[in-house]
Every structure is written in C-alpha cells, then in structure tokens.
Amino acid sequence: MFRQDHTRPDSPTRRAVLGAGIAAVGSALLTGCSASGAGGTGKEAAGPRAGGSVSADGKKVRATWTPSPEGMVRGLTFKATPATVEIGGGRTVRTSTYNGDLPGREVRITAGDTLELTLANQLPEPTTVHWHGIALRNDMDGVPDVTQPSIQPSGSFRYRFQAPHPGTYWFHPHVGLQNDHGMYAPLIVDDPNEPLAYDAEWIVLLDDWIDGIGGISPKDVFDRLRKGKPGMSHGSGHAHGSPTATPSAGSTLRHGPRRAHAPARDGASTSPQPGETPGWLLTGGRSPLLGGPAGHVAYPHYLINGRTPDDPAQFRARPGDRIRLRLINAGAETPFRVALGGHRMTITHSDGFPVRHHRADSLLIGMGERYDVLITAKDGVFPLTAIAEGKGDAAMAVLRTAGGALPSPSTRPGELYRDVLASARRLKPHESVALDRRTPDRTLELTLTGGMQSYDWGVAHRPKAPDGVQRVEHGERVRFIVVNATDMWHPVHLHGHTYALTGIDAGGARKDTATVLPHNKLVLDFDADNPGLWMLHCHNLYHSESGMMTTVAYHS
C-alpha cells in the first residue's frame, strides 16, 4: 500500500460556536455549490462568513484559483463509514474510517493536477474533509459552517481543487473529535520535476489510539478533560522521551509518567471506580524537549500505519536501497520522537516544502507536522520506533532487507537519544521556496491561554469569543507573533497557506504547522495570497475543540 519505486537517477462543538461567532460579526451566507461545480447533496445547513470579509466561494476566491488547462483531473469516491478494523495481534475495534480502511488509502496526484474527490457520508453524524497543508480554494477547505456546510448523514460533497505545490500532505475531518477516530489518510502531491533520487518510498502515518478500547471513545476523553485536573502536579514522572536517558541501541527504558491505574488494552473496562482518575489520564510525563508536559492522555496503543508494535507493519527493501520516508503525525494528542535503528536520516522536506538537507539521528514530530527523510538501507531487520514523547510508550514498524526475527516492541534504538531535531527552527529552506525578505505590512499578535486545571484553552482568554477574527488584506506580507502564555507546548496550524519561521534563531523553513514552547513565542511570516476565511488553531485536537482557534479573514 505504501511503497512506490522510483527510477529517476538523481453540547455544540467549539467549531460550531466559532461559526456562530463569525456569523455575529456578519451574516452573509455560503452558497450550497461553488462555481467550479463542486458542492453537496443531502440535507445541509448554510454557513456564515465574517461581515466585510471575502466569502469562501466569492469572486476573489474564484479569481485567485483560475484552473490551469494543463493539469489532469483525478476523480475518486471515498466513503466515511463505520467499520471494524484490526490494529494488530488480533485486536479489533469499531471506529469511523474512510472506506473501511485504517489508515485510509493513499491519494496521489501530481502538482498542478486537479483532485476531484466525492465523499459520501455513511456515518450517523455530519462530517467534512480538511486537506491539511494544501493551499487550495477556500470553499474546499472543509471547515463546517465557515467554508462549507457540513456533509449530513446520507449526504455527499464533491471536493474539487488544484494542488499547486508538491509534497507530503494528509486529509482528515474537521468536525468535533472525528480526527481521534480512524479517519485519516495520506495525500501525496508528486513533483513532475522531482530532484531527489531514490529507489523506494515508505509512507509512515503515526497515530495514538483509544477509540473502542475498553468501551472508551474520544468523547469520553474530552468530557473528562473538560472537568480539569485540580491539584495535578506536572513535576513528577520521568518520561521515555527525556534526552537525559541514553540507553544503548536495543535496550529498554523502564520509567514513565504516572497513571492512576493502568488502562485496559484489550476489551476490559477502563471505567474508573467512583472517585478514581481514569487510567488514561496522565499525572506526569514531562518532556525537556517540549519544555513541560508533553500531553495529558496516555493512549492504550500507539500505531504506525494502523498496527501495534507487537504485530508491526513491515517495509521490505534491498540492502543499499535509497528510501524516502514520508513521516506524518496523524495523532490527536501525541508528539512522536522517531528514529530508525542503525541508520541516520537526511531531512529533505518539512510540511511538504524542501529544506537544505540536514542530517540527524532522530526527529520530534508534533501533531499535524510532516517530514520527508532519506536513508540508505543496511542489511538486516531494523525497528522504526516512534516514542510517544513524555508518555512512556511507543509505536514501531520494521524495515526488513533480510531474514531474521522481529525486534522486540520494547526496543529503543540508541539513535532516539543522540542527535535529535526537536524543532524545524533549525532548518533552512531550499532557495527555491525561501520567502523573500520583506518588511511586514501587517503584524498581528495572538496570545495562547488556558491550562489543564480548568481545561480552558483559548486565544486571549476567550475560548468562545464571537469576535475571534484576524483581518488581513490580499497582497500583504503578514506577520503573526504567537505568544504562548501557557505551561504547555502547542502545534500551531494555519489553513490554506504556508508560513516562514522567522524571528531570533529561526532559519526560515516553510511550514504550515509548527511548535511553540511554553512561555515562548513563534514568529510566522506569510503572504496573504489566498483570499477567504482560514482557521489558525492548535493541532492538539482536544485544545482546539475546547477553544484554541481563531479565523484569518481577508477583507472583501
């Protein structure tokens, strides 16, 4: 499924509340169908736009995205459907999927081509598709009540857009907590003039999994998190992800964050007794790389390509093969530290955009981030290990170029603790995609606020503010200064654009999702060249669902 040979030699959800908030600023409505012919069928609700702002399918949007006559059209139909899936070792779970697969099957087009994908909704609840990282027409972005109506049960919607930039992307719902079910899949946009030379490609999707384990659902997790954790101390717990621990290759760490009681893994109930804290709620687990708590949910399973480490996905290659790994963190609440035992990585891309090649032993990937790396395969059987940073467990897949036993699921390659790329701030963009030096026309400051005690994540202490709109003008160079006033890290994702990491000690790499550490700031520059209404939010699903999001709105 995830191999390609190359011969080239070289209560209402927070999002509903936000939509209502935009409507309070202005009341113009989205139309049911766009000028491209895309749109929905079945029962749908109209969506609002911000007063004085470009509508998601307005004239400025259509003028910006005039179709190129040179591109091909790739037509597909996907179903959002409940399914029972096997995640390894005979374990099965009932969850929501694309076409009954976990992960969803790869979608692949070439830059400049048009993707036309019809999603038929067979779920008992509304859904949408967000095309994470793609600069596309605003009315195809998949945010309910902001860029499109929700796709109602038994309804469908035809997404049609051109993909202008090659790279590694993915797609997932933008409704409630659906992203913490099984609805995600890779979207690969090939470069028609690919400069890299490699023999094979391995697409690697990382995920944290709790849905259907012991009767627990993501909604149960969110409901419990919203109760907060009064009196919780973040200072205890020694996470597997600590760089102070330096075991040799093949050894196992034995210390992790505290849990109230161990979560059930295979069907046993995880419901706590009265007065108890659920076993999946972390009471420790700091990450020095992330400056504090790495997360608050200790998932029962961590997956690579839908498989648990005791029954891992395996990628077969030949010794000496040059392999391109496309690493995607599709998890809801877990950063992963990734290394391939016995190999060093050459990082070539971040969030789809090329960077100056950078060598590392391992890298830290926040939720929503993607990295492309090259490795030259050695002779043997090697663990691709993804530690759930700060959480005391890991996912694993296997690179196999020879016979031999599988590595133990508890194996921790020494590369995890040596040269770790913990932030894309160290990367420099390839000259072909570097943002030109220019004084910003507009500077906007956002302050991320909230905490675990009350679980009140938001922007400027306003998780349900009706006026959460950041206004920009088409053609401006915009600078966002994102100030993290919280005790936790956040992966900051901007829809419809890529930005350059700027400011002190940042190399200028192009990103659409980047990490801001506790009590630090992130400086993001981008060109306002894609009119519409675009979300900017934390890609910790539970933070965004509780309110850590805002809207970038172009003036009409």
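On a 1 Å grid over the protein atoms alone, a cavity is a set of points where a 1.4 Å probe fits but cannot get out, and its lining residues have an atom within 4 Å of a point. Grid points are joined across faces, edges and corners, and a volume is the space filled by probe spheres set on the points. By these criteria, the largest cavity has a volume of about 90 Å³.

The structure is a predicted model, in which local features need pLDDT of at least 70 and side-chain atom pairs count only at pLDDT 80 or more, while totals for chains, interfaces and linings use all residues. Residues are numbered from 1 along each chain as its sequence is written, and side-chain values use heavy atoms, with hydrogens and water left out.

The lining of the largest cavity consists of 16 residues, and E369, A422, S423, A424 and T515 lie nearest its centre. At least two lining residues come from each of β20 (362-365) and β32 (513-516); strands here are DSSP runs (E, at least two residues), as helices are (H or I, at least four), numbered from the N terminus. The lining comprises 11 nonpolar, 3 polar and 2 charged residues. In this division Ala, Val, Leu, Ile, Met, Phe, Trp, Tyr, Cys and Pro count as nonpolar, Asp, Glu, Lys and Arg as charged, and the others, Gly among them, as polar.

For the chain as a whole, the secondary structure comes to 4 helices and 35 strands. Of its 556 residues, 62% count as buried, a class defined by under 20% relative accessible area, with exposed meaning over 50% and partly exposed in between (1.4 Å probe, protein chains only). The chain exposes about 19,300 Å², of which carbon and sulfur atoms supply 49%; the areas come from the Shrake-Rupley method with a 1.4 Å probe.

Strand β25 (residues 442-449) runs parallel to β28 and is joined to it by 7 bridges. Across this pairing, L444 stands opposite F480 and L448 stands opposite N484. Strand β33 (residues 521-527) runs antiparallel to β28, again with 7 bridges, and V523 in β33 is the bridge partner of I481.

A460, in the loop between β26 and β27 (469-472), has a phi of about 55° although it is not a glycine; A460 is partly exposed, at 32% relative accessibility. H519, in the loop between β32 and β33, likewise is not a glycine and has a positive phi of about 55°. The relative accessible area of H519 is 51%, so H519 counts as exposed.

In the loop between β4 (91-98) and β5 (107-110) lies P103, which a cis peptide bond with omega of about -10° joins to L102. D191 occupies the loop between β10 (185-190) and β11 (200-209) and is partly exposed at 27% relative accessibility. The side chain of D191 reaches the backbone nitrogen of N193 at 2.8 Å. D191 and A111 are 80 residues apart in sequence, yet their C-alpha atoms are 5.9 Å apart in space.

Key:
A polar contact is a pair of N or O atoms within 3.5 Å; within protein, one must be able to donate a hydrogen and the other to accept it, and residues adjacent in sequence count only if both atoms are side-chain atoms. Two strands pair if DSSP finds at least two bridges between them. On a 1 Å grid over the protein atoms alone, a cavity is a set of points where a 1.4 Å probe fits but cannot get out, and a pocket is an open set with protein on both sides within 12 Å along at least five of seven lines; lining residues have an atom within 4 Å of a point.
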